[in-house]
Amino acid sequence: MKNIERIRELEGQIEALTIALPEEEAAHLFYMGLANGASHKGAREMFIKLADQERRHKDDLENLIKELKEQLEKLKRGEEDDGLWEIT
Amino acid sequence: MRIGKYTIHLHPMSVHFTNALYPVSLLFLALYLLTKEDSSRTTYGYIITLAALSTPVSFATGYIQWRQKYKAAKVRVFIRKIRLGIALMAVGPSCTLWYWADPGFLTRGGMEVFLFSLLNLTVLPLAVTLGYLGGNLVRWRPH
């Protein structure tokens, strides 16, 4: 039963991160747009720094999603194996 | 949806038509059943037709947004929206085709009208749930 709860928890986390991911991409593009339009050198550097942060957030989220998906796959396999043993 | 350097929010734009037209069509159906005014029945026919025509547009724009923005991620919220969208694409046009097959049948009353009204009512929870799930995506809240 615990596995089922953990599977649901992981699915929920993957769902939330998947939905958040495009927002990081959009934020990165937003700051890059501002950087390209900025005439002031200091402002441009700041926007590039912010865009970079958003890009790193996106990479972090992608890695986290990948990790969680791997955990989920392992749990699901483990759940199926348990089922087989119970039958026999 | 990206067209060149512009981001056009086609799905949020199109679903507002679908989600408004279905409840309004139900309103005119209810008005007809209460008052027997022919103008309400005719209005229902036109509005349900527009609603049914708008549904595949809403579905298609949503599908494209799912593929482009969310990379076709198979997570619960999108699976539910796709299933409910398919159901709405079945029910909406069914109501429309049934009506236009014989627009006068509503005047005769009886079991046929009762079943027709029930079918129309099923549109409401579908449209409301789709709107609710979509709204949650805008400001992400788990459901």
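From the N terminus on, the elements of chain B run β-β-α-α-α-α-α. That makes 5 helices and 2 strands. The model is predicted. The C-alpha trace of chain B spans about 55 × 30 × 25 Å along its principal axes. Of the 143 residues of this chain, 26% count as buried. Contacts in chain B reach across the sequence: of those with a separation of 6 or more, 75% involve residues 24 or more positions apart.

Confidence comes next. Chain B has a mean pLDDT of 93, and 96% of its residues reach 70 or more. Within chain B, strand 1 (residues 2–3) has the lowest confidence, at a mean of 69. Helix 3 of chain B has the highest, at 97. Where pLDDT is low, the predicted coordinates should not be read in detail. For the complex, the predictor gives an ipTM of 0.73 and a pTM of 0.83.

The largest nonpolar core has 20 residues. Within this core, B:I48 and B:V123 have the most contacts. Helix 1 (10–35), helix 2, helix 3 and helix 5 (111–138) of chain B each give two or more residues to this core. Helix 1 of chain B supplies the largest share, 6 residues. In soluble globular proteins, nonpolar side chains tend to be buried together.

Take B:V123 as an entry point. Setting aside residues up to four places away in sequence, B:V123 touches B:Y22, B:L88, B:V91, B:G92 and B:C95. The other residue named for its core contacts, B:I48, is one of the buried residues of helix 2 of chain B.

Helix 2 of chain B deserves a walk from end to end. How far apart should its end C-alpha atoms be, at 1.5 Å a residue? The 32 residues of helix 2 of chain B should span 46 Å, and the end C-alpha atoms are 46 Å apart, so the two values agree. The buried residues of helix 2 of chain B are B:R41, B:Y44, B:I47, B:I48, B:A51, B:A52, B:S54, B:T55, B:S58, B:F59, B:G62 and B:K69. Read that list with the helical repeat in mind. An α-helix has 3.6 residues a turn, so residues three or four places apart point the same way. What do the buried residues of helix 2 of chain B pack against? Their partners are helix 1 of chain A together with helix 1, helix 3 and helix 4 of chain B.

Is B:L106 buried or exposed? B:L106 counts as buried because 21 C-beta neighbours lie inside 10 Å, and the cut-off for burial is 20 or more. Leaving aside neighbours within four places in sequence, B:L106 is in contact with B:Y32, B:R41 and B:V113. B:L106 and B:Y32 are 74 residues apart in sequence, yet 8.8 Å apart in space, C-alpha to C-alpha.

Helix 2 of chain B is followed by B:K71. This residue sits in the loop between helix 2 (38–69) and helix 3 (76–101) of chain B. Phi of B:K71 is near 50°, a positive value in a residue other than glycine. B:A72 lies in the loop between helix 2 and helix 3 of chain B. Its phi is positive too, about 55°, although B:A72 is not a glycine. B:A72 is exposed, with 10 other C-beta atoms within 10 Å.

Turn to chain A. It has 2 helices and 0 strands. Of its 88 residues, 10% count as buried. Among its contacts between residues at least 6 apart in sequence, 73% join residues at least 24 apart. Helix 1 (residues 2–37) of chain A has 36 residues. From first C-alpha to last, it reaches 53 Å, close to the 52 Å expected at 1.5 Å a residue. The buried residues of this helix are A:I14, A:E15, A:T18, A:I19, A:L21 and A:Y31.

Finally, the two chains meet. The contact takes 9 residues from chain A and 9 residues from chain B. On the side of chain A that touches chain B, the residues divide into 5 nonpolar, 2 polar and 2 charged. Helix 1 of chain A is among the elements against which the buried residues of helix 2 of chain B pack.

Key: Residues are numbered from 1 along each chain as its sequence is written. Chains are lettered from A and ligands numbered from 1 in the order in which they are written. This is a predicted model: local features need pLDDT of at least 70, side-chain atom pairs count only at pLDDT 80 or more; totals for chains, interfaces and linings use all residues. Helices (H or I, at least four residues) and strands (E, at least two) are DSSP runs, numbered from the N terminus. The expected span of a helix is 1.5 Å times one less than its number of residues. A residue is buried if 20 or more other C-beta atoms lie within 10 Å of its own, exposed if 12 or fewer, and partly exposed in between; C-beta atoms are placed from the backbone. Two residues are in contact if their C-beta atoms, placed from the backbone, lie within 7 Å. Ala, Val, Leu, Ile, Met, Phe, Trp, Tyr, Cys and Pro count as nonpolar, Asp, Glu, Lys and Arg as charged, and the others, Gly among them, as polar. A nonpolar core is a set of buried Ala, Val, Leu, Ile, Met, Phe, Trp, Tyr and Cys residues joined through C-beta atoms within 7 Å. pLDDT is the predictor's confidence in each residue, from 0 to 100.
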